[in-house]
Amino acid sequence: MAVMAEPVAAQVKRSSLWTRAFESRHFLGAMFMVPAIAILILFLAYPLALGFWLGMTDTKIGGAGRFIGFQNFVSLSKDSVFWLSVFNTIFYTVAASAVKFAIGLYLALLLNERLPFKSMVRAIVLLPFVVPTVLSAIAFWWIYDSQFSIISWVLIKAGLITRYIDFLGDPWNARWSVVAANIWRGVPFVAITLLAGLQTISPSLYEAANLDGATNLQRFRHITLPMLSPIIAVVMTFSVLMTFTDFQLIYTITRGGPINSTHLMATLSFQRAITGGNLGEGAAISNAMIPFLVAAILLSFFGLQRSRWQQGGRD
Amino acid sequence: MSTTDDQSVGMDYLESFPRKFFRVYLPLGLIIFFLLFPFYWMAVATFKPDAEMYDYEKYNPFWIVHPTLEHIKKLFFDTDYPLWMWNTVIVSVSSTCISLFASVCAAYAIERLRYKGSRYVGLAIFLGYLVPPSILFIPLAAIVFQLGLFDGNLALILTYPTFLIPFCTWLLMGYFRTIPYELEECALIDGATRLQILMKITLPLSLPGVISAGIFAFTLSWNEFIYALTFISSSENKTIPVGAITELVNGDVYHWGALMAAALTGSVPVVILYSFFVEYYVSAMTGAVKE
């Protein structure tokens, strides 16, 4: 708009107000940014930097730490619990994201059909995402209870199992249980955002494909999927980031147990830093998440670039 | 978004009902059952007396024979729950207002004033959106402690905007972009100041965007957990999610009825708000992703 404003400014005799408004654009802009930037620098950028620093110190709660270089990382690399948490985090992220994507896409396709009460159905579907995660996790906690689990009760009544399943007492049961809870919470987000993407695909493409005799599967494979791929990349990046750094579900349902088998890096860093008081070590664990996050973001960024280029975009 | 709704179905009407039932309604019904069951279970446990809750042989667990308000009464009168509710409301409303104010200013400056370097600031704010709280909470705890904000509402009111401002700014930038610049030029020529333009033209025209951002920000702060868990220690200062998890469990004794009542009553306000503004909420959620 600078281009548009210039000739006007040259033609019209400049009033002082116009000149001031135009000339102080940068100053005014800076003024408008002050509240946002002040908060973000003090509580986002500074803590991020402080986190890097803390990760290289042996700070404890209530005491100043000293710089110890990469000592925290060296001791973590010998710490089997840390590696277990890395494994858990990756397992949790991969398993939950894959299923969330599959069910989410399927649900989005179902919701894109002609349905009665469509907007109400959509509103209901989104509920698990709206309700506070911790509070719905409490419900899952109760559903997974070792003595009063409704799942076990139904399966026993159906004659499929003979005794109650110990959902949260066995390492693999516990892992799958929290993955299921995460899927439950994440599916609506994936489905509704993909639905928004589906609704932007022009029906004429499908009509053309119909005339050419394309099957349902072909239409999905050659129209829906390519048209949807940019939004899939973004949605799944967000989903992976949220899952990878998840804290609430694990903290509520298992607190990392049994014997650390569901500890994610986030919950382990909380345990070491806040419960255990070793702020430095906890910060080092948080910092260890950053390379994974950056990798995920870059992957989707370049994936996006590629698909945009395929669709004839400029970049 | 809804413009293609009616046309996108093509030759759908040719499909027979039984076929469509198995292809669409049945799987949809199953998924919705899976998504809603925990809420049903939460509600059932809230109104079920203890005698029925722990006896599956005598009472069918899916029904309530003698509904009771005992758990809710216990929650409201024997615990600090009303205080948690109050804290949650205060914190959510304040942090949402602060974030909206800061974001409107920032988004307007980035999108309309186009000051030097605004593009890079916009990008930086988007990157801020990608920084998860799980990485920030440890250094933030140190900062909150240094500033003397520890164990108070202010600690949360000031830290929640760190994830709300990037989101709101990004969303509002998208909305501001859709408002024709010519409107602002006219106002400029008529001698309006930038502030007047923002207040009288841009903001009223982008009201849906502001509402969307506000609703979404409110639910995000209502749901926030890790900061509230880390920065608050005394029971009377806790928010609902933290209070429910930490105060309603005495050692190994879980007060399931009260826990479920807390989960249900803590969810209801957000759900009510959401049900009034579904469209705004959805457009906030999808808008942030689509950009």
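Predicted model: local features only at pLDDT ≥ 70, side-chain atom pairs only at ≥ 80, totals over all residues.
**The chains**

Chain A has 15 helices and zero strands. Of its 315 residues, 42% count as buried. When contacts in chain A between residues at least 6 apart in sequence are taken, 67% of them join residues at least 24 apart.

Chain B contains 15 helices and two strands. Its radius of gyration is 24 Å, well over the 19 Å that the globule rule gives for 291 residues, so chain B is more spread out than a compact globule. The C-alpha trace of chain B spans about 80 × 70 × 30 Å along its principal axes. Buried residues account for 45% of the 291 residues of chain B. For contacts in chain B with a separation of 6 or more, 78% are between residues 24 or more positions apart.

**The contact between the chains**

Chain B puts 85 residues into the contact, and chain A puts in 79 residues. On the side of chain B that touches chain A, helix 1 (residues 17-46) gives the most, with 12 residues. By class, that side of chain B divides into 59 nonpolar, 20 polar and six charged residues.

Helix 1 of chain B also packs against a helix of the other chain, helix 5 (residues 80-111) of chain A. Two packed helices are described by the angle between their axes and the distance between the axes. Here the angle is about 130° and the axes of helix 5 of chain A and helix 1 of chain B are 10 Å apart.

**A buried alanine**

Ala102(B) is part of helix 4 (residues 81-113) of chain B. Ala102(B) counts as buried because 24 C-beta neighbours lie inside 10 Å, and the cut-off for buried is 20 or more. Leaving aside residues up to four places away in sequence, Ala102(B) touches residues of both chains: Pro35(A), Ala36(A) and Ile39(A) from chain A, and Pro161(B) and Ile165(B) from chain B. Ala102(B) and Pro161(B) are 59 residues apart in sequence, while their C-alpha atoms are 9.1 Å apart in space.

**Two residues with positive phi**

Most residues other than glycine have a negative phi. Asn260(A) has a positive phi although it is not a glycine, and Asp151(B) likewise has a positive phi without being a glycine. Asn260(A) sits in a loop of chain A, and Asp151(B) in a loop of chain B. The table gives the details.

| Residue | Phi | Loop | C-beta atoms within 10 Å |
|---|---|---|---|
| Asn260(A) | about 65° | between helix 13 (248-253) and helix 14 (265-275) of chain A | 18 |
| Asp151(B) | about 60° | between helix 6 (133-146) and helix 7 (153-159) of chain B | 16 |

With 18 other C-beta atoms within 10 Å, Asn260(A) is partly exposed. Asp151(B), with 16 C-beta neighbours inside 10 Å, counts as partly exposed.

Key. Residues numbered from 1 in each chain as written. Chains lettered and ligands numbered in written order. Helix = DSSP H or I, 4+ residues; strand = E, 2+ residues; numbered from the N terminus. Buried ≥ 20, exposed ≤ 12 C-beta atoms within 10 Å, placed from the backbone. Contact = placed C-beta atoms within 7 Å. Rg over C-alpha atoms; globule rule 2.2 N^0.38 Å. Nonpolar A, V, L, I, M, F, W, Y, C, P; charged D, E, K, R; others polar. Axes fitted to C-alpha atoms, helices over the stretch in contact; angles between N-to-C directions.
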